Amino acid sequence: MDDNNGDHQTKPAPRLNGFTILCALLASVTSVLLGYDIGAMSGASVLIKEDMGISSSKQEILVGVLNVFSLFGSLASGKMSDWIGRRYTIVFAAFTFFLGAVLMGLAPNFWVLLVGRMVAGIGVGCALMIAPLYTAELSPAMSRGLLTSLPEVFITFGILLGYIINYCLASLPLHLGWRLMLGLAAAPAIAIAFGVIAMPESPRWLAMKGKVARAKKVLLKTSSSPEEAEQRLQEITTAAAMVTGGEGDFRGEGVWKELLLRPSPAVRRMLVTAIGMNFFMQASGNDAVVYYCPEVFRAAGIHNKKQLFGVNVIMGLAKTSFVLLSALYLDKFGRRPLLLLGSTGMSISLAGLGVGSLFLQKSVRKPLWAIILCVVAVCADVSFFSIGLGPITWVYSSEIFPTRMRAQGSSLAISVNRLVSGVVSMTFLTISKKITFAGMFFVLCGIMVVGTLFFYVFIPETKGKSLEELETLFEKKPKADEHRETEMGAV
């Protein structure tokens, strides 16, 4: 017992570096753009449908097109960030979203509004890829989980902000209310672009460009001691030399072929796990539940706009609370336990939401207990998402790929994320009309059961490992076997 205590005293836990936290916060603020759009659009789409007299199909297209076009932003941002750097990719994302927000706020008709959402979608796609990647490359291993989960924290904060804005503007005239809800998103986009000035470039990108002296300066600022900075520099420069052959100025050449045409067994396992996690994140229907929550509760018998948007605020508060909890404990408990807890909780919550919706659709007089069950189940669903899939998907996608293919591998995985999100958002109402909301929630529950099994089998633990150490993790025997053996041994 005394020996253990002595070991703890000689190896104190590294403390968080204040400058690293500031840079991670500034990079992660880009994720507010998507969160605000999700929250604001959940209310704005109801007002747009009334104001413009559009059909449910057009409403779905309007909601989902941002996610579809964010696919193109995610794909392009991988190569772009290898070429112009992580910082300027963040500036591009903020500027593109700013243009989209202005178009949406001033749109005179449906088609201009649609174009605005397409443009904003490209910016969102870039932001979703680059924020966690930049933070992962800047952060020490022991705090990477916390810092790389910050994008999901800001997405959730943006959703809550959008809900609050909806609630505050719900009493305005239709034509003015939704334009303000969507146009106000231009403000944070401007702030983000200027905030990037205070941020350093990623040390790993600098090393791949042969700018080792600049990389060392960044590491001295973002490490807790000069010794830690030197150790990280050695790991980074060794990995960069393997990527560039010692010549520097890497621009991402040949990575797509290495990822898709001739992947090694280790790279193939990385792709399966990253793409699978991103697929299930959106196939869970979380974005669609958030977008269409007012429609779900209208079907449940709540018709007052203030009440509808008020339920959204309650849901947003629950979501925000749990994503903060997850971010704080991600580096303590690890990725796997929180991911499995979150996905299991989502399965149970979606089953409860299906049961409540089933009773409501079969009842002429809507029973109060069923309405309460639906509200509680929705809040539980988004809360468990915020514990597991929400933050961990961004952490995982940005950390598992080798230095050479990190940007483009991450962009590929997140492109799948955005594609599935777009498909689900653009078909949620149509499918729900065919099989009812209850049927839709039972389908989503089944998807999450399959997702939970996938996570248990394929997802390894990455807590506490440097990005360079993670490159060897997938070269070992299938990680599911290791973790099952470890978990059984612990029992």
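A cavity is a set of grid points where a 1.4 Å probe fits but cannot get out. The views below all come from a predicted model.

**View 1. The largest cavity and the residues around it.** The largest cavity holds about 80 Å³ of space. It is lined by 13 residues, and those closest to its centre are Ile38, Glu152, Ile155, Met281 and Asp287. By the rule used here, the structure has one cavity of 30 Å³ or more. Sorted by class, the lining of the largest cavity has seven nonpolar, four charged and two polar residues.

**View 2. The helices that supply the cavity lining.** Four helices each give at least two residues to the lining of the largest cavity: α3 (32-52), α8 (150-169), α15 (265-283) and α16 (286-291). The largest share, three residues, comes from α8.

**View 3. Helix α3 beside helix α9.** Helix α3, one of the helices that supply the cavity lining, also packs against helix α9 (residues 174-183). The angle of this packing is about 160°, and the two axes are 9 Å apart. Angles over 145 degrees count as roughly antiparallel, so α3 is roughly antiparallel to α9. The crossing in which α3 passes α9 is left-handed.

**View 4. Helix α19 beside helix α20.** Helix α19 covers residues 335-362 and helix α20 covers residues 368-387. The two pack with their axes 8 Å apart, at an angle of about 160°. The cut-off of 145 degrees applies here too, and α19 and α20 are therefore roughly antiparallel to each other. Helix α19 passes α20 in a left-handed crossing. In the contact of α19 with α20 there are 19 nonpolar residues, six polar residues and one charged residue.

**View 5. The aromatic pair of Phe280 and Phe454.** A pair of aromatic rings is described by the distance of the centres and the angle of the planes. Eleven aromatic pairs are found in a search of the whole structure, and one of them is formed by Phe280 and Phe454. The centres of these two rings are 5.5 Å apart, and their planes are at 45° to each other. The pair of Phe280 and Phe454 is classed as tilted. Phe280 lies in helix α15, whereas Phe454 lies in helix α22 (residues 406-458), so the pair ties together parts that are 174 residues apart in sequence. Helix α15 also supplies at least two residues of the lining of the largest cavity.

Terms used:
Residues are numbered from 1 along each chain as its sequence is written. This is a predicted model: local features need pLDDT of at least 70, side-chain atom pairs count only at pLDDT 80 or more; totals for chains, interfaces and linings use all residues. Side-chain values use heavy atoms; hydrogens and water are left out. On a 1 Å grid over the protein atoms alone, a cavity is a set of points where a 1.4 Å probe fits but cannot get out, and a pocket is an open set with protein on both sides within 12 Å along at least five of seven lines; lining residues have an atom within 4 Å of a point. Grid points are joined across faces, edges and corners, and a volume is the space filled by probe spheres set on the points. Ala, Val, Leu, Ile, Met, Phe, Trp, Tyr, Cys and Pro count as nonpolar, Asp, Glu, Lys and Arg as charged, and the others, Gly among them, as polar. Axes are lines fitted to C-alpha atoms, for helices over the stretch in contact, and angles run from 0 to 180 degrees between N-to-C directions. Angles under 35 degrees count as roughly parallel, over 145 as roughly antiparallel, 65 to 115 as roughly perpendicular and the rest as oblique. A crossing is left-handed if the near helix is turned anticlockwise from the far one by less than a right angle, and right-handed if clockwise. Rings of Phe, Tyr and Trp (its six-membered ring) pair if their centres lie within 6.5 Å; planes under 30 degrees apart count as stacked, over 60 as edge-to-face and the rest as tilted.
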